[in-house]
Structure formats: structure tokens, C-alpha cells
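The sequence and structure come first.

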Amino acid sequence: MRVAAIVVAAGRGSRAGSGPPKQLRPLGGEPVLRRSLRLFAAHDAVTAVQAVIDPAFAAAFRDAGAGLPKLLAPAAGGDTRQQSVRAGLEAVERERPDLVLIHDAARPLASPALVGRAIAAAEKDGAAVPALAVADTIKRVDEAGLVAETLDRAALRSIQTPQAFAFAPILAAHRRAAEAGRDDFPDDAALAEWAGIKVATFAGEAGNIKLTTADDFLRAQAIDAQALGDVRTGSGFDVHAFGPGDHVMLGGVRIAHDRALLGHSDADVLLHALTDAVLGAAAEGDIGRHFPPSDPAWRGASSDRFLAHAVALVAARGGRIAHLDATLLAEAPKIGPHAAAIRGSIARIAGIEDGRVSIKATTTERLGFVGRGEGIAAMATATVRLPWSAP
Ligand code: MG
């Protein structure tokens, strides 16, 4: 079954204060949009992710999606949310999805479990939305603010995204609504109801709040810190020997040197130690288990894919990398002039900010194999935040 996710991020939402659109503001060290895209990109059951953006912010949106798998070229949004969703549906049609999940980028805290429930519900019912019982009494008021009616709370639900639909009927419904001159439906379920599609509900999440005001961001930070409170640490260590050559790879950066490091892959000792540290924090074994040296596929491989794989395993569990710290042990080459480039490279590979990466270097006072210039060693520590539900 092919499941597409549309992440609607074209709104200019000014209620969260001045500055860039709220989808591009950071939450827990990542832009809100990246978190929403990653939710689907990292989900096993999702096959394609279609963002709908405001082209005025195309460069920032491109950065927010950098390195994420399954991400299609973004579609340009329209004047209303409904037009933006339709642009996403039209763009993703060539992927021939069976189901589509439609999600507001401003809800970055939705969990992988909620995505799973959305897919299961759409498979069963054809159209389904996440719903929460309403705790407050809800009243309808007139224009003067006087209470006109008290509604029966038992029959009311507050509705979230992702909303999930069989693809062909919701695309047809959107096209019909556009032809009928209707472009003001508040959500896709309302449009589906108008088109005569029965919409089922499934359990939403209290933490899946929509970021609208500055206060919502503060609340989201608190929810986020609590949800990802299972903090784990992993360590990694690696050594590669020198052989003939003219450069070494350290942290994904090519550094000219009068010798090279020997290894099955590109022998990037620093990325190997960091990969093991991240795998260790996730209790996922070691680099040799994921990328056996006996497998010819990894001969000469660029080691950034090893670290990216470990980071993806963490993301697939709903977690993220809080910090990476590493020490290189080498007599030569001198690391200092390259430290900033190495740090930036690692941050890019891991999909985190530079400020969450620390690179240090030391000699070993001419003692041992490092001191004799026979090779380079690297030690690394990864701090990973996982959701409390993680195994
Ligand atoms: Mg190695």
C-alpha cells in the first residue's frame, strides 16, 4: 500500500509574533517544519512526503527538509489552506498513493503512533480524523456575546490533523469543491462531508497541539521536553592505521596529508566512532552489525551514510540527537584549522545545529601507536532523547 503525506506549511501565521513564519521557527533545536516533515519521512508506513510551501521562503524550506528521505519537490501553496492542500494533492498524484495523510506543519508534536492510527483508520473507513473529547463546556454565543445555547459536550469532539483519506475520492472532492467555487472549508474533513464522504474518527493526542500563538510555543517546548525525557548516552571508539595516500577523511571533510587512513570504507575514523556512539545510545548494536566489512557494498563507501543511518534509527523511534561530542587522537595532521569545517559537516550529516556538535583533538605525547604516528583514534559520546514509550 502506498501512503503519501501532505504537510501544509504555506500559511503566513502572524499571531505567533513577528519574525519568520512559525513553521520555520525552532522547537527543541529544529525548525517546526522539519519536525513535521520528519514525523512522516521517518515513518515506515509512509512512502512519500509532499510539502506545500510559500515560495517566498523556498530557501529556508529547502534547509528545513535537508537530508530527509522520501521528500518530494515542494508544491507552491495557494491563497487559502484548502487551495494549498489541493496543490499538494495534485502534486503527489503522480506517486499514485492509495491513502493520503493531510497534516498541518504547525502541529509538530504528533507522534508516530498517531500516524499509525491515522493510516489504519483510513484503510478501514476511507476517511478518518483524529478526535479528542471536549473537556470544557461549549456554548454558542450571539453577536453581543450573550449565550445563545449550551451544546451537549458528550457529542462534541475537537479535531486535529493528520486527517487520513483514500486518495482518489479526496482528490476528486477537492477538484469538485474548486469547480463549485468553494475554497473556504476549515479542514479537509469538512470538504469531505460536503462531498458526501462519511468521515470516521480515531483517538487524537492531547499533546498534538497546533502552534498559533507565542504561548503555544512555550507550551510545546514543555510538552516536548517531557515527551522526549528518556535521555540516553552512548560511546564509540575507533582506530584506523596509516598507509600510503595523500589525504584523510575526518568527519566527512577531506584533509590533505602525506598519508591516508586504511580501511574498507573511506576510513573516516571520526564518523565511525560517532556512528557507534549513536548506535550505542539507541542500543542498536555496532557499526559492524549494520554495515558488515565483509559486504562489498561498503567498499570505499562514504562514511556519512553510516552516521545518517544511525541518526535515522533514532528518528524512526520518535527520538532525536541532543548532542555529539568527539575527541580525535592524532599526532598529525593538525586538526585545529579544520575543526569548524568538521563540526559543520557532522552537524549537517546528523541533521542538527552546529551548537550540538563538539569536536576536540589531542596528541598522545608521542606515546603509543598514535604517538608513533601509526594511525588515528577517535572517541565519541552521543546524547540521545527518546520518547518515554521507546523500548
Ligand atoms: Mg572504522
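How much space lies in the largest pocket? About 780 Å³ lies there. The model is predicted, so local features need pLDDT of at least 70 and side-chain atom pairs count only at pLDDT 80 or more, while totals for chains, interfaces and linings use all residues. Residues are numbered from 1 along each chain as its sequence is written, and side-chain values use heavy atoms, with hydrogens and water left out.

**Pockets**

A pocket is an open set of points on a 1 Å grid over the protein atoms alone, where a 1.4 Å probe fits, with protein on both sides within 12 Å along at least five of seven lines; lining residues have an atom within 4 Å of a point. Volume is the space filled by probe spheres set on the points, which are joined across faces, edges and corners.

Of the 36 residues lining the largest pocket, Arg34, Ala66, Leu68, Ala350 and Gly351 are the closest to its centre. Among the elements that each supply at least two lining residues are α1 (32-41), α2 (58-65) and α11 (339-350). Helix α10 gives the most, seven residues. Helices (H or I, at least four residues) and strands (E, at least two) are DSSP runs numbered from the N terminus.

The second largest pocket is lined by 28 residues, and those closest to its centre are Ala110, Ser111, Pro112, Gly318 and Pro387. Here α1, α4 (112-125), α7 (214-227) and α10 each supply at least two residues.

In the table, Ala, Val, Leu, Ile, Met, Phe, Trp, Tyr, Cys and Pro count as nonpolar, Asp, Glu, Lys and Arg as charged, and the others, Gly among them, as polar.

| Pocket | Volume | Lining residues by class |
|---|---|---|
| Largest pocket | about 780 Å³ | 19 nonpolar, six polar, 11 charged residues |
| Second largest pocket | about 590 Å³ | 15 nonpolar, six polar, seven charged residues |

**Metal site**

The magnesium ion is coordinated by Asp238 (OD), His240 (NE2) and His272 (ND1) at 2.1 to 2.2 Å. Donors are N, O and S atoms within 2.8 Å of the metal (3.2 Å for Na, K and Ca); water is not among the atoms, so sites may look incomplete. The donor residues follow the spacing D-x1-H-x31-H. His240 in strand β13 (residues 230-244) and His272 in helix α8 (residues 269-281) link distant parts of the chain, 32 residues apart. Both histidines are buried (under 20% relative accessible area, with exposed over 50% and partly exposed in between; 1.4 Å probe, protein chains only).

**Asp104**

Asp104 lies in strand β6 (residues 99-104). Asp104 counts as buried because its relative accessible area is 9%. Leaving aside neighbours within four places in sequence, Asp104 is in contact (heavy atoms within 4.5 Å) with Val8, Ser36, Arg81, Thr161 and Lys210.
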